[in-house]
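Reader: Please take me through this model by question and answer.

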Amino acid sequence: MNDQLLAAVSQYGAPALFGIVTIAAIGVPLPITLLLIVAGSMISQGAMNLWWAIGLAGAGSILGDQAGYAIGRWGGPAVVAKITGLFGKRATLPAMEAQTKAWGGPGIYITRWLLSPLGPWVNLASGTARYPWHRFLFWDILGEITGAVVYIGLGRFFSDRVMALYAVLGDLTWAIAALLAAIVLGWQLLARLRRAEVQ
Amino acid sequence: MGKTWQRTLAVGLAFVVAITGTFVFAYRAGRRVRHIGAENEPIRAWMSVPFIAHAHHVPANVLFQAIGVRPQEPHDRRSVRHIAHDLNRPVPDLIAQLQRAIDAAAQPPGGHPR
């Protein structure tokens with residue numbers, strides 16, 4: 001299916017990109033980073049307009065994110081459980097809700113583009129946790145525009161090395177996720193050791 | 001007390017795994033970055049002929065000619081899979097033919113590779 005989506009963006013340009021990123025933001029796992037890089041490469045080849053690509057990719061993602069938030073907030077527990085169960089995330093939603101409360105806006109921002117696989121679940125969790133909508137919208141717009149500019153920009157710059165760039169970004173994303181986990185775990189470890197020392 | 005230490009140990013182990021993961025993935029990313037200019041971009045079925053031509057610095061008409069396709073006007077952005085379907089040919093065959101055309105363009109007759 002990924003091949004067909006990439007071919008659709010390659011053939012039909014920014015409108016296809018808009019449709020695909022909207023669906024992905026709702027929670028369907030699609031290779032959005034690669035699609036944005038490909039869009040950047042096509043801009044470099046003169047086959048797509050830069051501002052249309054950034055605008056439509058950003059708008060599609062924001063639209064999908066807002067739909068996810070609305071489902072979480074107003075859809076009710078049954079709908080949320082059905083959607084999360086569909087993609088095997090039912091067990092992690094309460095944990096995600098707690099993370100959303102703890103991380104707030106920066107957490108929403110970072111899951112728009114740097115840790116984007118978590119984005120759809122943070123949308124749902126923000127809705128169920130009743131995170132204020134205007135704040136969610138602010139961080140969402142900021143994060144999605146950042147993502148569109150960064151990945152389309154990288155694709156434009158490395159326009160003849162799309163697959164290699166995608167592999168580098170994949171490894172970098174995992175490295176950053178592992179680093180964030182190390183920071184959180186290190187903090188917890190330090191707190192535990194200090195507590196043990198006091199006792 | 002015992003349970004507390006068990007939990008601390010588990011957090012410690014998870015911390016070590018996370019640190020190891022950070023270094024492993026950062027190293028892999030660094031190694032890929034070093035080779036980014038040297039490796040050839042693979043041809044995929046979703047790519048269009050102009051896209052492949054751009055990635056390999058070969059004129060698109062050379063590749064269209066090599067696979068015996070007259071490009072649709074004004075911009076033929078059909079994927080390799082789409083063209084293979086239109087020509088009733090297997091995708092791997094078309095990819096191999098495109099690769100041969102790229103190799104031939106990189107090595108002019110009687111000359112050294114570019």
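Reader: Which helices of chain A are included in what covers the buried residues of helix 3 of chain A?
Author: Helices here are DSSP runs of H or I with at least four residues, strands are runs of E with at least two, and both are numbered from the N terminus. A residue is buried if 20 or more other C-beta atoms lie within 10 Å of its own, exposed if 12 or fewer and partly exposed in between, with C-beta atoms placed from the backbone. Contact means that two such C-beta atoms lie within 7 Å. The cover over the buried residues of helix 3 of chain A includes helix 1 (2–12), helix 2 (14–26), helix 4 (50–74), helix 8 and helix 9 (162–198) of chain A.

Reader: What kind of model is this?
Author: Residues are numbered from 1 along each chain as its sequence is written, while chains are lettered from A and ligands numbered from 1 in the order in which they are written. Local features need pLDDT of at least 70, side-chain atom pairs count only at pLDDT 80 or more, and totals for chains, interfaces and linings use all residues, since the model is predicted.

Reader: How many of the 13 residues of helix 3 of chain A are buried?
Author: The buried residues of this helix include Ile32(A), Leu35(A), Gly40(A) and Ile43(A). Helix 3 of chain A is largely enclosed by the rest of the structure, because the number of its 13 residues that are buried is 12.

Reader: How many Å does helix 3 of chain A reach from its first C-alpha to its last?
Author: The expected span of a helix is 1.5 Å times one less than its number of residues. For the 13 residues of helix 3 of chain A the expected value is 18 Å, and the model is close to it, at 19 Å.

Reader: Which residues touch the most other members of the largest nonpolar core?
Author: A nonpolar core is a set of buried Ala, Val, Leu, Ile, Met, Phe, Trp, Tyr and Cys residues joined through C-beta atoms within 7 Å. The largest one has 58 residues, and those touching the most other members are Leu17(A), Leu35(A), Ala39(A), Ala53(A) and Ala57(A).

Reader: Which element of chain A gives the most to this core?
Author: With 9 residues, the element of chain A that gives the most is helix 3 (residues 32–44). The core lies between domain 1 (1–39) and domain 2 (49–106) of chain B, because both give residues to it. A second, separate core has 15 residues, among them Met96(A) and Trp139(A).

Reader: How many Å separate the centres of the two domains of chain B?
Author: The bounds come from an automatic or database domain assignment, which gives domain 1 (1–39) and domain 2 (49–106) in chain B. Taken over C-alpha atoms, their centres are separated by 42 Å.

Reader: What is the radius of gyration of chain B?
Author: Chain B has 5 helices and 0 strands, and its C-alpha trace spans about 75 × 35 × 25 Å along the principal axes. Of its 114 residues, 25% count as buried. The radius is taken over C-alpha atoms, and the globule rule is 2.2 Å times the number of residues to the power 0.38. A compact globule of 114 residues would be near 13 Å, but chain B has 24 Å.

Reader: Which helix of chain B gives the most to the side that touches chain A?
Author: The contact takes 34 residues from chain B and 28 residues from chain A. On the chain B side, the elements that give two or more residues are helix 1 (2–34), helix 2 (49–56) and helix 4 (80–87). With 15 residues, the one that gives the most is helix 1 of chain B.

Reader: Is Arg130(A) buried or exposed?
Author: Arg130(A) is found in the loop between helix 7 (119–128) and helix 8 (133–157) of chain A. Its phi is near 55 degrees, a positive value in a residue other than glycine. Because it has 11 C-beta neighbours inside 10 Å, Arg130(A) counts as exposed.

Reader: What is the phi of Asn88(B)?
Author: Asn88(B) lies in the loop between helix 4 and helix 5 (91–106) of chain B. It counts as exposed, because it has 6 C-beta neighbours inside 10 Å. The phi is positive, in a residue other than glycine, and near 60 degrees.
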